[in-house]
Amino acid sequence: MCGIVGYVGNRPAQDIILGGLRKLEYRGYDSAGMSLLEDGEIQTVRAVGNLDHLEAELESRAGGTATATLVRPATIGIGHTRWATHGRVSVQNAHPLAADESRIHVVVNGIVSNYMELRTQLLQSGCVFATETDAEVIAHLIATNYSDDLADAVIQTLDRLDGYFAFVAMALEEPHVLVGARRECPLVVGRGEEESFLASALPAFLAHTNRIQYIENGEIVVLRAGSVEIRDAAGAPREREIETIEWDEETAEKGGYETFMLKEIHEQTDALAETIADRTASGHSVDLSDSEVFDEDILRGVERVTFIGCGTAYHAGLLGRAAIEAWARLHVEVDVASEYRYRSPILGPGDLVVGISQSGETADTLAAMRLARERGARVIALTNTMGSQATRDSDAVLLTRAGLEVGVAATKTFTAQVAAVFMLALRLAELRETLPAERIAELVAQLRHMPELVEELLERVGPAVEEAAEWCWQAPFFLYIGRQEGVAVALEGALKLKEIAYVSTDAYASGEMKHGPIALLDEQTPVVAVATASPVLSRVVDNIETVQARGAKVIAITTEGDATVAPHVATAIPVPATDPMFQPLLATIPLQLLAYSVARRRGLNVDQPRNLAKTVTVE
Ligand code: AGP
C-alpha cells in the first residue's frame, strides 16, 4: 500500500525522504512524489513509476546534475509512494496534494470514505480540485480550516472525515512544523538529535534512528526538529514513551512478522476495510461508481454473469456465484480461465463476464477476458492492480484495495476479492429489486462490520489453529470438505496447504464423499471440515459423523455459539457468527493460518514456495 515519509530537522530533507521512500518500496506503489519547504516556497516533484523516475525528475529540475537537487537546503518536507485506488495512475494524482494555492500540502494513505460528499461541499464553496483522488479533500479541508495553526486545522479536519487513513500535512506559513494524524492506518515517529521523522512504517527511518513513538488510533502528532507533541482528537496532550527497537531492516519490512505471508494474513482487516468502506458509506447500499463500471442501465440489463479466474481467484468466483444467485437471482457461471479460453462460450450483450485476478496480468485470465469481449460480452476486471493489463482489456474495473501482496500464496487479496464480489452481488440485487431494501441494508451493515470481525478473529484464533497443527502437521494427506459456500472455502484451504506446505490435499463437496473419496480415509487422515452456520449445516454434521466412523480425525471450522459440531471433532475452530453468506470470509482465515503453521513446522519457506510464481504471465 502507499507509503508516507515526513522529515523536519537539520539535514537535507530531500535525501532523507527519498531514502525513506526507497525503504518503503516493498509495500508496492505506482507513483511517487515529495514536497520541500524552503525560503517561503513549497516545491513539489512527482513522477509515475518507480523512485528512479522521481529521482530523475528531481535532477532535471535541478539542472540535470546528478548531485544537484531541487531544494537541497530544505530541511523539512513530506514524501509519498502511491498505490492507486481512487483515480488513475498519473502524475496529476500522485501525492503530495496541495490546496490554497500551494500553501497546504498533504500526503495521505488509506481511504476517505465520505470523500464524495465532502468533495461536493468543497466544490460548492469554491475549491478547485486538481486530482481524481479521494485524498485531496483533506488538503482542501485543512486549507479551509487554517488560520495560523496547522495542528488546529488538522483537528477540525479530522472531525469531518470518515474512513481508514493516515496523513501528514505541511503549511507554508509554518516552515518548521509537520502535523500528522491517523485513523486505523499506521503512523510512527522517529526521534533523532534535533530531527524528527514521521512515517507509515519503521523501515523509512531505521537507518537514522531506532528511538520511536507509536501514534495511536485517532491521535494527531505535531513534529518539530527538536520536539514531538502527541495529542488526542480534541487537541489535549498525550504522554508517549520513547521506545528503542532493535529490529533489523528485514524484520522491519515485515512489520515484525516472521514472514510476509503472516503479515499479509494480518493485513486482511485493513484490506477489507479499504475495499469496502467508501463503497458502503451510506450504510444501506453499495456504490460502485468509483469503479468506472457501472452504468445502472447496463447492470440492470445483465442476464447472466460469468466469473473466470485461476487458483484462488477462481475460488472467489465460486463465492460470487453463490451470492449473485441468492441475492440477485441471476444465472451465474464460473470457470477456470485456462479452460474457459478454449471453450466456445455462447455470449451476447446480456452477458457480464468478470475476470478476477489480483495481479491483473495472469495470461489465462487475460485470454479468457479477451475471448469474452470478442464474443460480445461486457467484461469487468476485478483486480488489485490499477493499470494492469486486465484493466486495459476490459470495459470496466472493480478494484480491490489490498495493497501489495508479496507472499506467493494469496491471502488478503482473496478476502478482498470475496468482499468485492459480494458488493457486486448486492448492487445487482438492488438494481434488479430482488431483495427488499431492508434486507440489503442489513447485509451492507454486516459487510461493513467484517473488518472488525476479522480483527477479532485474528486476535484470538491462534491457539485453536496451533492445537490442530500440533496433531496433524506430519500427515501426508489432508481431505477438505464442505457444502455450498463451504466448498469454495475447502478448495481455498486445500490450495493453501498444497502450495506452501507441499502436502497432498483433496477438496470435495462433502455429499460426494460416499461416491469415492471416502476410500481415502483412515486413522492417519486429517479431515478439515468447513462446518460454519448455513442451511445445510446438519448435512455437514452427518458427513463429519461418517468421517469419524472411519477413524479419521476432524478439524472443523465452526460458528461461535454452535453446539452441534464440536462433539464430533478433534479440534473445533470457531469464527464469529454472521449471515451464512459472509461466513466464508471468516472461515478462510483459520485455514490460511493452519496451512501456514503446518508449513512452518515442516521448516518451509512460505513466502516463496518451490515451483510457483506470484504472477503467471505465461500459459
Ligand atoms: C494463490 O495462492 C496462488 N498463488 C494462485 O492460485 C493465484 O491465485 C493464481 O495464480 C491467480 O493469480 P491472479 O489472481 O494474479 O490472476
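Tutor: An axis here is a line fitted to C-alpha atoms, for a helix over the stretch in contact, and angles run from 0 to 180 degrees between N-to-C directions. The model is predicted.

Student: What makes helix H8 and helix H15 roughly antiparallel to each other?

Tutor: The axes of H8 (residues 268-276) and H15 (residues 437-460) cross at roughly 175° and come within 9 Å. Angles over 145 degrees count as roughly antiparallel, therefore H8 and H15 are given that name.

Student: Which residues make the contact?

Tutor: H8 supplies Gln-268, Thr-269, Leu-272, Ala-273 and Ile-276. From H15 come Leu-447, Arg-448, Pro-451, Val-454, Glu-455 and Leu-458. By class, this contact of H8 with H15 has 7 nonpolar, 2 polar and 2 charged residues.

Student: Why is the aromatic pair of Phe-197 and Phe-205 called tilted?

Tutor: A pair of aromatic rings is described by the distance of the centres and the angle of the planes. For Phe-197 and Phe-205 the centres are 5.7 Å apart, and the cut-off for a pair is 6.5 Å. The angle between their planes is 35°. Under 30 degrees would count as stacked and over 60 as edge-to-face, so the rest are tilted. A search of the whole structure finds 7 aromatic pairs. Phe-197 and Phe-205 also form one aromatic cluster with Tyr-7.

Student: How do you know whether Phe-197 and Phe-205 are buried or exposed?

Tutor: Buried means under 20% relative accessible area. Phe-197 has 1% relative accessibility, so Phe-197 counts as buried. Phe-205 has a relative accessible area of 1% and is therefore buried.

Student: What about Lys-496, buried or exposed?

Tutor: Lys-496 is found in helix H17 (residues 485-501). Its relative accessible area is 1%, so Lys-496 is buried. Not counting residues up to four places away in sequence, Lys-496 touches Met-261, Thr-312, Ala-409, Ala-410, Ala-501 and Ala-595.

Student: How do you know that the charged end of Arg-610 sits over the ring of Tyr-502?

Tutor: The charged end of Arg-610 is 3.8 Å from the centre of that ring. The distance cut-off is 6 Å, and the charge must also be within 35 degrees of the ring normal. The charged end of Lys-553 likewise sits over a ring, that of Trp-471, 4.3 Å from its centre.

Student: Where is Met-386, and how far is Met-386 from Trp-83?

Tutor: Met-386 lies in the loop between strand S19 (378-383) and helix H13 (389-392). Met-386 and Trp-83 are 303 residues apart in sequence, and their C-alpha atoms are 8.1 Å apart in space.

Conventions
Residues numbered from 1 in each chain as written. Predicted model: local features only at pLDDT ≥ 70, side-chain atom pairs only at ≥ 80, totals over all residues. Heavy atoms only, no water. Phe/Tyr/Trp six-rings, centres within 6.5 Å; stacked < 30°, edge-to-face > 60°. Buried < 20%, exposed > 50% of the residue type's maximum accessible area, 1.4 Å probe, protein only. Helix = DSSP H or I, 4+ residues; strand = E, 2+ residues; numbered from the N terminus. Parallel < 35°, antiparallel > 145°, perpendicular 65-115°, else oblique. Contact = heavy atoms within 4.5 Å. Nonpolar A, V, L, I, M, F, W, Y, C, P; charged D, E, K, R; others polar.
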